[in-house]
Amino acid sequence: MTPGITEQQLDRIIDYLKANKITDPELQQEIADHLAISIEMRMTQGADFETALQTVCKEWEQKELLEIGRNKESYYSYPAFLNAAFLNKFLFFAVAVLLTGIYMRMEHLPLRRVVILSGGALIGYIYLPLLLLHSLDGFANKTRQVSGFVVQFALLHAGIAYLLHWRMNAFLAVFAFLISFTWLIVYIIIPSIKSKQYI
């Protein structure tokens with residue numbers, strides 16, 4: 001329960017969820033916590049509980065977030081094996097494949113391009129999406145996470161293009177630099193400047 005929200009107010013939130021056919025207790029608690037945080041934020045800005053509740057509920061309905069209750073399977077479809085230990089092992093394996101391909105390239109061994117592409121594909125097409133799925137569960141700023149994924153993918157793609165001497169590797173490198181620089185400005189530099197202004 002969020003500090004500042006009373007038990008009675010939390011009961012009102014849960015009643016609202018029940019009225020919208022969200023009956024699973026775990027899902028109710030999860031969504032109620034999110035609603036309570038949003039309501040509390042509105043209350044700190046001067047709104048009373050009833051006004052904050054109505055405003056937040058309208059926002060949730062407009063964004064169709066209450067569809068979660070009707071599609072609960074997809075909400076809980078987060079694979080149980082997808083944890084930090086699995087991701088670390090998978091990354092270790094994928095990097096090992098990629099480094100093997102780089103070694104094969106240095107030694108001019110056959111199938112070097114296939115091994116480099118395999119390592120890059122394991123990282124770019126499997127590891128990064130799994131990392132994204134795993135990280136979206138723990139971060140409120142989903143846009144930052146998804147755009148960070150795009151940056152990582154672009155950097156990986158540019159690196160693989162360079163290793164394989166693709167004709168467009170310069171273009172991919174410039175593109176990766178531009179989106180990386182933009183991401184740094186938007187999500188790292190500007191927020192740090194703003195936070196220093198409020199100190």
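Is H108 buried or exposed? In this predicted model, in which local features need pLDDT of at least 70, side-chain atom pairs count only at pLDDT 80 or more, and totals for chains, interfaces and linings use all residues, H108 is exposed, with a relative accessible area of 62% (exposed means over 50%, buried under 20% and partly exposed in between, with a 1.4 Å probe and protein chains only). Residues are numbered from 1 along each chain as its sequence is written, and side-chain values use heavy atoms, with hydrogens and water left out.

H108 is placed in the loop between α6 (84-106) and α7 (112-136), and its phi is near 55 degrees, a positive value in a residue other than glycine. Most residues other than glycine have a negative phi. A positive phi of about 55 degrees is also found at H165, which is not a glycine; H165 belongs to the loop between α8 (142-163) and α9 and is exposed, with a relative accessible area of 51%. Helices here are DSSP runs of H or I with at least four residues, numbered from the N terminus.

The axes of α6 and α7, which come within 8 Å, cross at roughly 160 degrees (axes are lines fitted to C-alpha atoms over the stretch in contact, with angles from 0 to 180 degrees between N-to-C directions). That angle makes α6 roughly antiparallel to α7, a term that applies to angles over 145 degrees.

Helix α9 spans residues 169-197 and contains V174, which is partly exposed at a relative accessible area of 48%.

Methods
Helix = DSSP H or I, 4+ residues; strand = E, 2+ residues; numbered from the N terminus. Parallel < 35°, antiparallel > 145°, perpendicular 65-115°, else oblique.
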